[in-house]
Amino acid sequence: MFDLKSYLNDRRRLVDQFIGSYFDVSYKPETLRDSIVYSLSAGGKRIRPILCIASYEACGGNTEGIIPYASSLEFIHTYSLIHDDLPAMDNDDLRRGKPTNHKVFGEGMAILAGDGLLTEAFYLLSKNKSPKITESALLKVIEEISKASGVLGMVGGQAQDLLSENSEPDEETLLFMHNRKTAALIIASVRTGGILAGCKDDMLKKLSEYAENIGLAFQVVDDILDVEGETEVLGKPKGSDEKKQKMTYPKLYGLERSKQKAKELINNAIDALSAFDKKAEPLRAVAKYLLERKN
């Protein structure tokens with residue numbers, strides 16, 4: 001039987017080790033480095049890099065070879081959290097049970113830490129050269145991640161999120177927002193692993209289908225947890241979506257329909273992997289985990 005807990009712990013450890021060594025150098029000003037490391041080491045689950053690793057492995061890649069590329073996705077994710085917490089955005093005081101970056105280092109330094117992480121992610125992607133990864137594949141990955149992170153992806157979704165506050169929820173806007181705000185970077189994470197492993201087009205299409213479903217399910221579950229979760233477990237205030245009049249799945253469909261939608265998406269994701277062998281078991285297990293998570 002596949003041991004997901006051990007798998008997640010092992011792959012998270014590899015990512016954490018890489019991130020720790022990457023920033024274990026002298027930076028000036030040191031406060032910028034401290035701000036970056038504070039958020040990177042705040043206890044994230046590393047879901048995006050782990051999905052990238054699992055996808056790479058499912059396509060026959062060796063685990064160690066993907067770690068730097070996978071870690072760049074955590075840089076981007078962490079930057080988005082730092083900026084998302086700012087007073088001009090969601091104005092949150094807690095993230096993963098700790099004071100948010102701007103509460104510790106000030107708004108200006110938090111903005112610069114986020115800027116630095118986003119830019120550093122692409123520096124990391126472009127400077128890593130592996131004999132097992134072609135330049136054309138790497139260029140494709142940089143294109144994918146750029147699109148997923150920018151105005152056609154996460155930034156566009158965040159902008160719609162701000163614009164949709166205090167608005168009546170509608171299905172089209174909600175789907176647009178969640179597909180970009182959350183799903184885009186998750187899709188890019190899964191596709192990055194497949195592309196760098198040289199996955200064939202038909203199998204990459206299946207990986208993409210898997211990622212599209214878990215990406216949307218991830219946000220649906222987030223919306224549900226904001227209603228049903230506990231602040232101590234979530235690591236951030238419960239009910240913040242309602243307080244800020246966010247457009248969410250429970251607000252549009254109710255809790256029970258939202259839970260059913262999340263299950264349907266996860267089942268679709270697992271079905272998309274039917275052509276893959278046991279090397280894709282981590283991807284299947286992660287999909288189930290995303291449905292059952294409590295934070």
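Arginine 46 counts as buried, at 5% relative accessibility. This residue sits in the loop between α2 (30-40) and α3, in a model that is predicted. Its phi is positive, at about 65 degrees, although arginine 46 is not a glycine. Most residues other than glycine have a negative phi.

A second residue with a positive phi is asparagine 166, where the angle is near 65 degrees and the residue is again not glycine. Asparagine 166 belongs to the loop between α8 and α9. Is asparagine 166 buried or exposed? Asparagine 166 counts as exposed, because its relative accessibility is 62%.

**Overall form**

The protein has 15 helices and two strands. Its radius of gyration is 18 Å, close to the 19 Å that the globule rule gives for 295 residues, so the protein is as compact as a globular protein of that length. Along the principal axes, the C-alpha atoms fill a box of roughly 50 × 50 × 35 Å.

Of the 295 residues, 52% count as buried. Among contacts with a separation of 6 or more, 74% are between residues 24 or more positions apart. The accessible surface comes to about 13700 Å², and carbon and sulfur atoms make up 51% of that area.

**Buried positions in the helices**

| Residue | Helix | Relative accessibility |
|---|---|---|
| Leucine 51 | α3 (residues 47-58) | 1% |
| Isoleucine 67 | α4 | 5% |
| Histidine 102 | α5 (residues 101-105) | 8% |
| Glycine 194 | α9 | 0% |

Leucine 51, in helix α3, touches Ile186, Ser189, Val190, Tyr210, Ile214, Leu283 and Val286, not counting residues up to four places away in sequence. Leucine 51 and glutamine 160 are 109 residues apart in sequence, and their C-alpha atoms are 26 Å apart in space.

Isoleucine 67 lies in helix α4. Which residues is isoleucine 67 in contact with, leaving aside its neighbours within four places in sequence? They are Leu14, Val15, Phe18 and Ile53. Isoleucine 67 and isoleucine 19 are 48 residues apart in sequence and 9.6 Å apart from C-alpha to C-alpha.

Histidine 102 is in helix α5. Not counting residues up to four places away in sequence, histidine 102 touches Asp85, Leu86, Pro87, Asp92, Glu107 and Ala110. Two of these partners, Asp85 and Asp92, are aspartates, and Glu107 is a glutamate.

Glycine 194 is part of helix α9. Leaving aside neighbours within four places in sequence, glycine 194 is in contact with Ser55, Tyr56, Cys59, Cys199, Leu204 and Leu207. Between glycine 194 and leucine 162 there are 32 residues of separation in sequence and 33 Å in space, C-alpha to C-alpha.

Helix α8 (residues 154-163) has several buried residues: Met154, Gly156, Gly157, Gln158 and Asp161. What covers the buried residues of α8? The cover includes α4 (63-84), α7 (135-149) and α9 (171-196).

**Cysteines**

A disulfide is a covalent bond between the sulfur atoms of two cysteines. How many disulfides does a search of the whole structure find? The search finds zero. Cysteine 52 is in no disulfide, and the nearest cysteine sulfur, that of cysteine 59, is 11 Å away. Cysteine 52 is buried, with a relative accessible area of 0%.

A pair of cysteine sulfur atoms counts as a disulfide within 2.5 Å. Both Cys59 and Cys199 are also among the contacts of glycine 194.

Definitions and conventions
Residues numbered from 1 in each chain as written. Predicted model: local features only at pLDDT ≥ 70, side-chain atom pairs only at ≥ 80, totals over all residues. Heavy atoms only, no water. Helix = DSSP H or I, 4+ residues; strand = E, 2+ residues; numbered from the N terminus. Buried < 20%, exposed > 50% of the residue type's maximum accessible area, 1.4 Å probe, protein only. Contact = heavy atoms within 4.5 Å. Rg over C-alpha atoms; globule rule 2.2 N^0.38 Å. Areas by Shrake-Rupley, 256 points an atom, 1.4 Å probe, with all protein chains shown as cover.
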